[in-house]
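Visitor: I have a sequence and a structure to look at. Please take me through a few places in it, one question at a time.

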Amino acid sequence: MKFFIEAIGCQQNGYDASRLAIFLKSAGLFESSAEESDIIFILACSVRQTAVDRIFGRIRNWNAKSPSGKKTSHQIIVTSCLTPDDQKKIIERGVSYWEFGDIESLEKIIGEKFNNRTIEQSSDSVYIPIMIGCNNFCSYCIVPYTRGRERSRPADEVILEASELIKSGKKQIILLGQNVNSYEFGFTKLLKDLDDLPGDFVISFISNHPKDMTADVIEAIVTLSKVKKEIHLPLQSGSDRILKLMNRPYSSKQYLELIENCKSKIENLLVTTDIIVGFPGETEEDFQQTVDICKKVEFSLAYVNKYSPRKGTVAYSLGDPISWVEKQQRWKILNHLVNKKL
Ligand code: SF4
(Lines give C-alpha, C1' and ligand atoms only; values in the text may rest on other atoms or scores of the structure.)
Protein backbone atom coordinates (compact mmCIF):
# COMPACT_ATOMS: atom_id res chain seq x y z
CA MET A 1 0.00 0.00 0.00
CA LYS A 2 1.35 3.44 -0.95
CA PHE A 3 0.85 6.69 0.95
CA PHE A 4 1.47 10.41 0.52
CA ILE A 5 1.48 13.08 3.26
CA GLU A 6 0.91 16.80 2.84
CA ALA A 7 1.51 19.02 5.88
CA ILE A 8 -0.13 22.44 5.83
CA GLY A 9 0.78 25.25 8.25
CA CYS A 10 2.98 25.23 11.31
CA GLN A 11 6.15 23.40 12.43
CA GLN A 12 4.04 21.06 14.56
CA ASN A 13 2.47 19.66 11.39
CA GLY A 14 5.86 19.30 9.68
CA TYR A 15 7.09 17.41 12.72
CA ASP A 16 4.00 15.19 12.85
CA ALA A 17 4.27 14.47 9.10
CA SER A 18 7.81 13.12 9.43
CA ARG A 19 6.83 10.97 12.42
CA LEU A 20 3.79 9.63 10.61
CA ALA A 21 5.87 8.74 7.52
CA ILE A 22 8.33 6.75 9.64
CA PHE A 23 5.49 4.98 11.42
CA LEU A 24 3.79 3.98 8.15
CA LYS A 25 7.07 2.86 6.51
CA SER A 26 7.97 0.74 9.51
CA ALA A 27 4.56 -0.93 9.11
CA GLY A 28 5.45 -1.90 5.50
CA LEU A 29 3.71 0.91 3.58
CA PHE A 30 5.57 2.80 0.81
CA GLU A 31 5.85 6.56 0.46
CA SER A 32 4.92 7.73 -3.02
CA SER A 33 3.55 10.66 -5.04
CA ALA A 34 0.01 11.85 -4.43
CA GLU A 35 -1.10 10.51 -7.83
CA GLU A 36 0.17 6.98 -7.18
CA SER A 37 -0.85 6.67 -3.55
CA ASP A 38 -3.66 4.59 -2.12
CA ILE A 39 -3.89 6.83 0.93
CA ILE A 40 -3.35 10.57 1.11
CA PHE A 41 -2.94 12.19 4.51
CA ILE A 42 -3.51 15.93 4.90
CA LEU A 43 -2.20 17.46 8.12
CA ALA A 44 -4.59 20.37 8.33
CA CYS A 45 -4.15 23.88 9.65
CA SER A 46 -7.07 26.12 10.55
CA VAL A 47 -5.18 29.22 11.66
CA ARG A 48 -6.01 31.11 8.46
CA GLN A 49 -8.94 30.78 6.08
CA THR A 50 -6.46 30.45 3.19
CA ALA A 51 -5.03 27.30 4.83
CA VAL A 52 -8.54 25.85 5.19
CA ASP A 53 -9.32 26.71 1.54
CA ARG A 54 -6.13 24.87 0.58
CA ILE A 55 -7.36 21.71 2.35
CA PHE A 56 -10.64 21.76 0.43
CA GLY A 57 -8.79 22.57 -2.82
CA ARG A 58 -6.53 19.55 -2.30
CA ILE A 59 -9.50 17.30 -1.58
CA ARG A 60 -11.20 18.52 -4.79
CA ASN A 61 -8.07 17.86 -6.87
CA TRP A 62 -7.33 14.47 -5.46
CA ASN A 63 -10.94 13.37 -5.74
CA ALA A 64 -11.08 14.50 -9.37
CA LYS A 65 -10.82 12.10 -12.29
CA SER A 66 -7.36 11.30 -13.67
CA PRO A 67 -6.40 12.63 -17.15
CA SER A 68 -7.36 9.22 -18.59
CA GLY A 69 -10.90 9.83 -17.34
CA LYS A 70 -10.68 7.05 -14.72
CA LYS A 71 -12.01 7.98 -11.26
CA THR A 72 -9.08 8.06 -8.84
CA SER A 73 -9.19 5.62 -5.95
CA HIS A 74 -7.24 7.41 -3.23
CA GLN A 75 -8.49 7.28 0.30
CA ILE A 76 -8.09 10.79 1.75
CA ILE A 77 -7.57 11.19 5.50
CA VAL A 78 -7.47 14.62 7.11
CA THR A 79 -5.92 15.02 10.56
CA SER A 80 -4.55 17.68 12.99
CA CYS A 81 -6.00 21.15 13.39
CA LEU A 82 -9.57 21.40 12.06
CA THR A 83 -12.69 23.02 13.54
CA PRO A 84 -15.66 20.72 14.27
CA ASP A 85 -17.58 22.56 11.49
CA ASP A 86 -14.86 21.85 8.93
CA GLN A 87 -14.56 18.24 10.15
CA LYS A 88 -18.26 17.84 9.33
CA LYS A 89 -17.77 19.38 5.89
CA ILE A 90 -14.89 17.09 4.94
CA ILE A 91 -16.82 14.01 6.11
CA GLU A 92 -19.72 15.13 3.88
CA ARG A 93 -17.22 15.03 0.96
CA GLY A 94 -16.48 11.36 1.71
CA VAL A 95 -13.15 12.13 3.39
CA SER A 96 -12.17 10.63 6.77
CA TYR A 97 -11.14 12.73 9.75
CA TRP A 98 -8.57 11.09 12.03
CA GLU A 99 -7.49 12.22 15.50
CA PHE A 100 -3.69 12.27 15.02
CA GLY A 101 -1.91 9.55 17.01
CA ASP A 102 -4.98 7.37 17.63
CA ILE A 103 -3.66 4.12 16.12
CA GLU A 104 -6.81 2.15 16.83
CA SER A 105 -9.02 4.51 14.85
CA LEU A 106 -6.45 4.67 12.00
CA GLU A 107 -6.63 0.86 11.80
CA LYS A 108 -10.41 1.10 11.43
CA ILE A 109 -10.20 3.82 8.76
CA ILE A 110 -7.67 2.09 6.51
CA GLY A 111 -8.34 -1.55 7.44
CA GLU A 112 -4.70 -2.35 8.37
CA LYS A 113 -3.30 -3.73 11.63
CA PHE A 114 -0.18 -2.07 13.10
CA ASN A 115 2.26 -3.70 15.50
CA ASN A 116 3.62 -0.35 16.66
CA ARG A 117 1.24 1.44 19.00
CA THR A 118 2.93 4.88 18.98
CA ILE A 119 4.18 7.31 16.36
CA GLU A 120 7.88 8.00 16.93
CA GLN A 121 10.44 10.66 15.92
CA SER A 122 12.83 11.41 12.99
CA SER A 123 15.90 13.46 11.80
CA ASP A 124 18.81 15.18 13.61
CA SER A 125 16.76 18.03 14.91
CA VAL A 126 13.58 17.03 16.65
CA TYR A 127 10.54 18.81 17.93
CA ILE A 128 9.24 17.80 21.32
CA PRO A 129 5.75 19.12 22.01
CA ILE A 130 5.59 20.17 25.66
CA MET A 131 2.06 21.51 25.54
CA ILE A 132 -0.86 21.87 23.19
CA GLY A 133 -3.69 24.37 22.98
CA CYS A 134 -3.73 28.03 23.91
CA ASN A 135 -5.50 30.27 26.43
CA ASN A 136 -4.73 33.59 24.81
CA PHE A 137 -7.54 34.15 22.32
CA CYS A 138 -5.78 36.57 20.00
CA SER A 139 -8.73 37.94 18.05
CA TYR A 140 -7.53 36.63 14.65
CA CYS A 141 -6.59 33.10 15.76
CA ILE A 142 -8.63 29.90 15.69
CA VAL A 143 -6.16 27.76 17.69
CA PRO A 144 -7.91 28.04 21.10
CA TYR A 145 -11.10 26.80 19.42
CA THR A 146 -9.52 23.97 17.41
CA ARG A 147 -6.80 22.77 19.78
CA GLY A 148 -8.55 23.77 23.00
CA ARG A 149 -7.08 25.20 26.21
CA GLU A 150 -3.47 24.74 27.21
CA ARG A 151 -2.52 21.26 28.38
CA SER A 152 1.08 20.62 29.41
CA ARG A 153 2.85 17.28 29.21
CA PRO A 154 4.36 16.08 32.51
CA ALA A 155 8.00 17.21 32.82
CA ASP A 156 9.34 13.69 33.53
CA GLU A 157 7.73 12.44 30.30
CA VAL A 158 9.35 15.29 28.28
CA ILE A 159 12.75 14.72 29.91
CA LEU A 160 12.61 10.97 29.31
CA GLU A 161 11.70 11.51 25.64
CA ALA A 162 14.52 14.06 25.23
CA SER A 163 17.04 11.82 26.94
CA GLU A 164 16.20 8.87 24.67
CA LEU A 165 16.40 11.08 21.58
CA ILE A 166 19.81 12.44 22.62
CA LYS A 167 21.09 8.90 23.26
CA SER A 168 19.90 7.97 19.76
CA GLY A 169 22.07 10.77 18.30
CA LYS A 170 19.78 13.80 18.04
CA LYS A 171 21.66 17.09 18.16
CA GLN A 172 18.93 19.66 18.57
CA ILE A 173 15.86 19.52 20.76
CA ILE A 174 13.19 22.07 19.84
CA LEU A 175 10.54 22.44 22.52
CA LEU A 176 7.20 23.16 20.93
CA GLY A 177 4.05 24.83 22.19
CA GLN A 178 1.78 27.73 21.25
CA ASN A 179 3.12 29.58 24.28
CA VAL A 180 5.94 27.62 25.92
CA ASN A 181 6.43 30.27 28.62
CA SER A 182 3.18 29.25 30.27
CA TYR A 183 4.22 25.58 30.54
CA GLU A 184 2.30 24.41 33.59
CA PHE A 185 5.14 22.60 35.36
CA GLY A 186 7.68 25.45 35.17
CA PHE A 187 9.34 26.29 31.87
CA THR A 188 12.69 27.42 33.27
CA LYS A 189 12.87 24.34 35.51
CA LEU A 190 12.27 22.19 32.42
CA LEU A 191 15.05 24.03 30.53
CA LYS A 192 17.41 23.50 33.46
CA ASP A 193 16.61 19.77 33.73
CA LEU A 194 17.11 19.32 29.98
CA ASP A 195 20.35 21.30 30.06
CA ASP A 196 21.61 18.92 32.77
CA LEU A 197 21.19 15.87 30.52
CA PRO A 198 24.53 14.48 29.34
CA GLY A 199 25.38 14.67 25.63
CA ASP A 200 26.33 16.93 22.77
CA PHE A 201 23.13 18.77 21.84
CA VAL A 202 21.43 22.16 21.90
CA ILE A 203 17.99 23.25 23.04
CA SER A 204 15.70 25.83 21.47
CA PHE A 205 12.02 26.60 21.86
CA ILE A 206 9.04 28.13 20.08
CA SER A 207 6.77 30.03 20.47
CA ASN A 208 6.85 32.69 23.17
CA HIS A 209 4.29 35.33 24.06
CA PRO A 210 5.75 38.75 24.95
CA LYS A 211 3.43 39.00 27.96
CA ASP A 212 4.92 35.80 29.45
CA MET A 213 8.60 36.34 28.64
CA THR A 214 9.69 36.67 32.24
CA ALA A 215 13.09 37.52 33.76
CA ASP A 216 13.69 33.88 34.76
CA VAL A 217 13.37 32.70 31.14
CA ILE A 218 15.86 35.37 30.03
CA GLU A 219 18.16 34.32 32.87
CA ALA A 220 17.89 30.66 31.78
CA ILE A 221 18.94 31.59 28.22
CA VAL A 222 21.93 33.49 29.63
CA THR A 223 23.13 30.82 32.04
CA LEU A 224 22.27 27.45 30.51
CA SER A 225 25.02 26.50 28.10
CA LYS A 226 22.95 24.19 25.87
CA VAL A 227 20.12 26.69 25.37
CA LYS A 228 20.56 28.55 22.07
CA LYS A 229 20.94 32.31 22.26
CA GLU A 230 17.87 33.05 20.22
CA ILE A 231 14.28 34.05 20.88
CA HIS A 232 11.21 33.89 18.69
CA LEU A 233 8.99 36.68 19.99
CA PRO A 234 5.87 37.37 17.89
CA LEU A 235 5.26 41.12 17.58
CA GLN A 236 2.24 40.94 15.20
CA SER A 237 1.93 44.74 14.97
CA GLY A 238 3.85 47.85 16.00
CA SER A 239 0.63 49.83 16.47
CA ASP A 240 -0.86 49.87 19.98
CA ARG A 241 -4.33 50.40 18.49
CA ILE A 242 -4.02 47.29 16.31
CA LEU A 243 -2.46 45.26 19.13
CA LYS A 244 -5.52 46.07 21.21
CA LEU A 245 -7.85 44.97 18.40
CA MET A 246 -5.78 41.80 18.11
CA ASN A 247 -6.20 41.19 21.87
CA ARG A 248 -2.42 41.17 22.33
CA PRO A 249 -1.97 42.57 25.84
CA TYR A 250 1.25 44.58 25.42
CA SER A 251 2.18 47.89 23.88
CA SER A 252 4.89 48.52 21.29
CA LYS A 253 6.85 50.34 24.03
CA GLN A 254 6.68 47.30 26.34
CA TYR A 255 7.73 45.05 23.47
CA LEU A 256 10.74 47.25 22.70
CA GLU A 257 11.75 47.42 26.36
CA LEU A 258 11.56 43.64 26.56
CA ILE A 259 13.81 43.24 23.52
CA GLU A 260 16.28 45.81 24.85
CA ASN A 261 16.37 43.99 28.17
CA CYS A 262 16.98 40.63 26.43
CA LYS A 263 19.69 42.09 24.20
CA SER A 264 21.45 43.75 27.12
CA LYS A 265 21.65 40.43 28.97
CA ILE A 266 22.14 37.88 26.18
CA GLU A 267 25.23 38.39 24.07
CA ASN A 268 24.76 38.03 20.29
CA LEU A 269 21.06 37.36 20.71
CA LEU A 270 19.10 36.52 17.54
CA VAL A 271 15.49 37.66 17.60
CA THR A 272 12.89 36.39 15.15
CA THR A 273 9.24 37.38 15.00
CA ASP A 274 5.79 37.00 13.43
CA ILE A 275 3.95 39.97 11.95
CA ILE A 276 0.48 40.28 10.43
CA VAL A 277 -0.09 42.98 7.81
CA GLY A 278 -3.51 44.19 6.70
CA PHE A 279 -5.38 43.46 9.94
CA PRO A 280 -8.85 45.11 9.64
CA GLY A 281 -8.50 48.85 10.19
CA GLU A 282 -4.69 48.93 9.86
CA THR A 283 -3.98 52.41 8.48
CA GLU A 284 -0.85 53.54 6.72
CA GLU A 285 0.18 55.14 10.02
CA ASP A 286 -0.34 51.88 11.96
CA PHE A 287 1.73 50.04 9.38
CA GLN A 288 4.47 52.67 9.60
CA GLN A 289 4.67 52.01 13.35
CA THR A 290 5.35 48.34 12.56
CA VAL A 291 8.06 49.39 10.11
CA ASP A 292 9.61 51.66 12.77
CA ILE A 293 9.77 48.93 15.39
CA CYS A 294 11.31 46.53 12.86
CA LYS A 295 14.04 49.09 12.17
CA LYS A 296 14.71 49.49 15.89
CA VAL A 297 14.78 45.79 16.78
CA GLU A 298 16.69 44.56 13.70
CA PHE A 299 15.06 41.13 13.69
CA SER A 300 17.16 38.42 12.13
CA LEU A 301 14.03 36.98 10.52
CA ALA A 302 10.33 37.89 10.38
CA TYR A 303 7.50 35.61 9.29
CA VAL A 304 5.23 38.18 7.68
CA ASN A 305 1.65 37.07 7.05
CA LYS A 306 -1.11 38.82 5.17
CA TYR A 307 -4.24 38.91 7.30
CA SER A 308 -6.98 36.55 6.23
CA PRO A 309 -10.29 36.44 8.13
CA ARG A 310 -11.03 33.22 9.93
CA LYS A 311 -14.65 32.30 10.63
CA GLY A 312 -15.16 31.55 14.31
CA THR A 313 -12.67 34.18 15.52
CA VAL A 314 -13.55 37.51 17.11
CA ALA A 315 -11.82 39.50 14.35
CA TYR A 316 -14.03 37.85 11.72
CA SER A 317 -16.79 40.35 12.57
CA LEU A 318 -14.44 43.19 11.51
CA GLY A 319 -14.53 42.00 7.90
CA ASP A 320 -11.52 42.23 5.60
CA PRO A 321 -11.44 45.88 4.48
CA ILE A 322 -7.76 46.11 3.43
CA SER A 323 -7.33 45.19 -0.21
CA TRP A 324 -5.10 42.30 -1.26
CA VAL A 325 -2.92 44.75 -3.23
CA GLU A 326 -2.36 46.88 -0.11
CA LYS A 327 -1.57 43.81 2.00
CA GLN A 328 0.86 42.59 -0.65
CA GLN A 329 2.60 45.96 -0.73
CA ARG A 330 2.99 46.03 3.08
CA TRP A 331 4.16 42.41 3.04
CA LYS A 332 6.84 43.29 0.47
CA ILE A 333 8.04 46.32 2.41
CA LEU A 334 8.56 44.30 5.59
CA ASN A 335 10.14 41.36 3.80
CA HIS A 336 12.50 43.70 2.03
CA LEU A 337 13.34 45.50 5.26
CA VAL A 338 13.78 42.47 7.53
CA ASN A 339 14.36 39.47 5.33
CA LYS A 340 16.08 41.34 2.51
CA LYS A 341 13.72 39.73 0.01
CA LEU A 342 11.64 41.47 -2.65
S1 SF4 B 1 -0.96 33.06 21.37
FE2 SF4 B 1 -2.55 33.97 20.06
S3 SF4 B 1 -1.82 33.57 17.98
FE4 SF4 B 1 -0.68 32.17 19.31
S5 SF4 B 1 -1.92 30.31 19.32
FE6 SF4 B 1 -2.58 31.50 21.07
S7 SF4 B 1 -4.36 32.64 20.34
FE8 SF4 B 1 -3.23 31.92 18.52
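Visitor: Which element gives the largest share of the lining of the second largest pocket?
Guide: This is a predicted model. Elements that give two or more residues to this lining are helix H1 (11–26), helix H3 (84–92), strand S7 (131–132), helix H5 (143–146) and helix H6 (155–167). The largest share is four residues, and the element they come from is H1.

Visitor: How many residues line the second largest pocket?
Guide: The space in this pocket is about 740 Å³. Gln12, Asp16, Arg19, Phe100 and Ile132 lie nearest its centre. Domain 1 (2–110) and domain 2 (123–228) each give at least three residues to the lining. By class, the lining has 12 nonpolar, eight polar and 10 charged residues, and the number of lining residues is 30.

Visitor: Is Gly14 buried, partly exposed or exposed?
Guide: Gly14 is placed in helix H1. Its C-alpha atom is separated by 9.5 Å from that of Tyr127, a residue 113 apart from it along the chain. Buried means under 20% relative accessible area and exposed means over 50%. The relative accessible area of Gly14 is 37%, so Gly14 is partly exposed.

Visitor: How many residues of the shell around the ligand are charged?
Guide: The residues around the ligand include Cys134, Asn136, Phe137, Gln178, His209 and Arg248. Asp, Glu, Lys and Arg count as charged. The shell has seven nonpolar residues and three polar ones, and the number of charged residues is one.

Conventions: Residues are numbered from 1 along each chain as its sequence is written. This is a predicted model: local features need pLDDT of at least 70, side-chain atom pairs count only at pLDDT 80 or more; totals for chains, interfaces and linings use all residues. Side-chain values use heavy atoms; hydrogens and water are left out. On a 1 Å grid over the protein atoms alone, a cavity is a set of points where a 1.4 Å probe fits but cannot get out, and a pocket is an open set with protein on both sides within 12 Å along at least five of seven lines; lining residues have an atom within 4 Å of a point. Grid points are joined across faces, edges and corners, and a volume is the space filled by probe spheres set on the points. Domain bounds come from an automatic or database domain assignment. A residue is near a molecule or strand if one of its heavy atoms lies within 4 Å of it. Buried means under 20% relative accessible area, exposed over 50%, partly exposed in between (1.4 Å probe, protein chains only).
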